[in-house]
Amino acid sequence: MANEVYVSSSGDLLQTEVLAQELEMLLHTRPHLRGLCKFQGDTRGTNSDTIKVRQVDDDDIAESVAEGADVSGNTAITDSSYTLVPSRRVIKREMSDLLSGVSDLGLHNPVGLAQYNFGAVMRAFDAIVTALFPSFTGSQGTSGAALTWTDVLLAKQTLRERENGPDLVWVGHSEQWSDIENDIVGLAGPQQYIEGIQGLSLDAKGPNFVGAVGRMEFYTSNQVTQSGGDHRGALFAKNSAIAYAEGSPNPVAMGQRIFSPGGVVYSVFDINGDRANSLLWTNYFVAAGIAQAAMGITMLSVDD
């Protein structure tokens, strides 16, 4: 076995200050990207492992027809669909029964550790979402160059021209946000006096949400993908561009199963009597996908 939690290897975890900082971080990072995506259902009780979402293009315009005249022709309905197939995200822990008796910090008892694992599976969900960003239609920014505020405005204008909105969300790597913040500090002319612009460089509500301008919200995530020396964040329509589906298990089961609030993320416990260890698995069945690629734009910049 490997990665077991023992007293001999847990000096840092037994430091109150270190643990308090970790728990504070987890408290503020639950689960921000999940809240920016559109929920499309749960597979439980559907007799299928797949959720298929139908789409209809609703931008048809009725024509003007004079009295006694015929309609020019039939207008076909433009439709499509996408599918979501939830799969497992899991983290396993093994901890010493001796350590659970020594530590009074809560992390080393089964319920406390299950709560701690919740942050781990939600970060896995964030990784699923950010991996979709390169699949949006078009990109803004320059490979090998820093991201600028102008890049953000151009991406916003493109999405508006595609009739997306009104609420848009920018999600990028923290280094991409640093690029934008540096560019904001150097703004000259009327833009520097806009209240929202000033707020972006001054206000923060936790480590993920960094501010808002008009109907655009800004978040950072270090789960944002890196490829070819560049970060790939995105600007997209909130609760529209990306969809997700979950697969929650039946609440009636053999053995010890503890659900998180909402009954989707859950933990299972077991014991290793030979080693006097407790084992825990925390599971989350989820899938995310692009609902409409034209509802987002990839934000491209150099990986510093």
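In the predicted model, aspartate 179 touches Ala146, Leu147, Ser301 and Asp304, leaving aside residues up to four places away in sequence. Aspartate 179 is part of helix H5, which covers residues 174–185. The residue is buried but takes part in no salt bridge. Arginine 232 carries the nearest side chain of opposite charge, and that side chain is 13 Å away. A salt bridge requires a side-chain nitrogen of Lys or Arg within 4 Å of a carboxyl oxygen of Asp or Glu.

The protein chain as a whole contains six helices and 15 strands. It has 304 residues, of which 40% count as buried. When contacts between residues at least 6 apart in sequence are considered, 76% of them join residues at least 24 apart.

Side chains of opposite charge can pair when their charged atoms come close. Four salt bridges were found in a search of the whole structure. One of them is formed by arginine 34 and glutamate 246, with the closest N and O atoms 2.7 Å apart. This pair links distant parts of the chain, its members being 212 residues apart. Arginine 34 sits in the loop between helix H1 (16–29) and strand S1 (38–42), whereas glutamate 246 belongs to strand S11 (residues 242–246). Glutamate 246 counts as buried because its relative accessibility is 2%, under the 20% limit. Arginine 34 has 23% relative accessibility and therefore counts as partly exposed.

Another salt bridge joins arginine 275 to glutamate 94, and here the closest N and O atoms are 3.7 Å apart. With a relative accessible area of 3%, glutamate 94 is buried. Arginine 275, at 37%, is partly exposed.

A further salt bridge is that of arginine 215 with aspartate 167, whose closest N and O atoms are 2.7 Å apart. The two residues are 48 residues apart and link distant parts of the chain. Arginine 215 lies in the loop between strand S7 (209–213) and strand S8 (216–220), and aspartate 167 in the loop between H4 and S6. Arginine 215 has a relative accessible area of 45% and is partly exposed. Aspartate 167 also counts as partly exposed, at 32% relative accessibility.

The loop that holds aspartate 167 also holds proline 166. Glycine 165 and proline 166 are joined by a cis peptide bond, with omega at about 10°. Glutamate 163 is placed in the loop between helix H4 (149–161) and strand S6 (168–172). With 71% relative accessibility, glutamate 163 counts as exposed, since the limit for that class is over 50%. Together with Asp57, Asp58, Asp59 and Asp60, Glu163 forms a patch of negative charge on the surface.

Backbone geometry also sets some positions apart. Most residues other than glycine have a negative phi, and most peptide bonds are trans. Asparagine 239, which is not a glycine, has a positive phi of about 55°. This asparagine 239 is found in the loop between strand S10 (230–237) and S11, and its relative accessibility of 35% makes it partly exposed. Alanine 276 likewise has a positive phi, near 55°. At 38% relative accessibility, alanine 276 counts as partly exposed.

Valine 71 is located in the loop between strand S2 (51–56) and strand S3 (79–84). Valine 71 is exposed, its relative accessible area being 56%. When residues up to four places away in sequence are not counted, valine 71 touches Glu63 and Val65.

Notes:
Residues are numbered from 1 along each chain as its sequence is written. This is a predicted model: local features need pLDDT of at least 70, side-chain atom pairs count only at pLDDT 80 or more; totals for chains, interfaces and linings use all residues. Side-chain values use heavy atoms; hydrogens and water are left out. Patches are made of residues with over 30% relative accessible area and no salt bridge: like charges are joined within 9 Å, nonpolar side chains (Val, Leu, Ile, Met, Phe, Trp, Tyr) within 5 Å. Accessible areas come from the Shrake-Rupley method with a 1.4 Å probe; for residues, only the protein chains shown count as cover. Lys and Arg count as positive and Asp and Glu as negative; His and the chain ends are not counted. The place of a charge is taken as NZ of Lys, CZ of Arg, CG of Asp or CD of Glu. Helices (H or I, at least four residues) and strands (E, at least two) are DSSP runs, numbered from the N terminus. Buried means under 20% relative accessible area, exposed over 50%, partly exposed in between (1.4 Å probe, protein chains only). Contact means heavy atoms within 4.5 Å.
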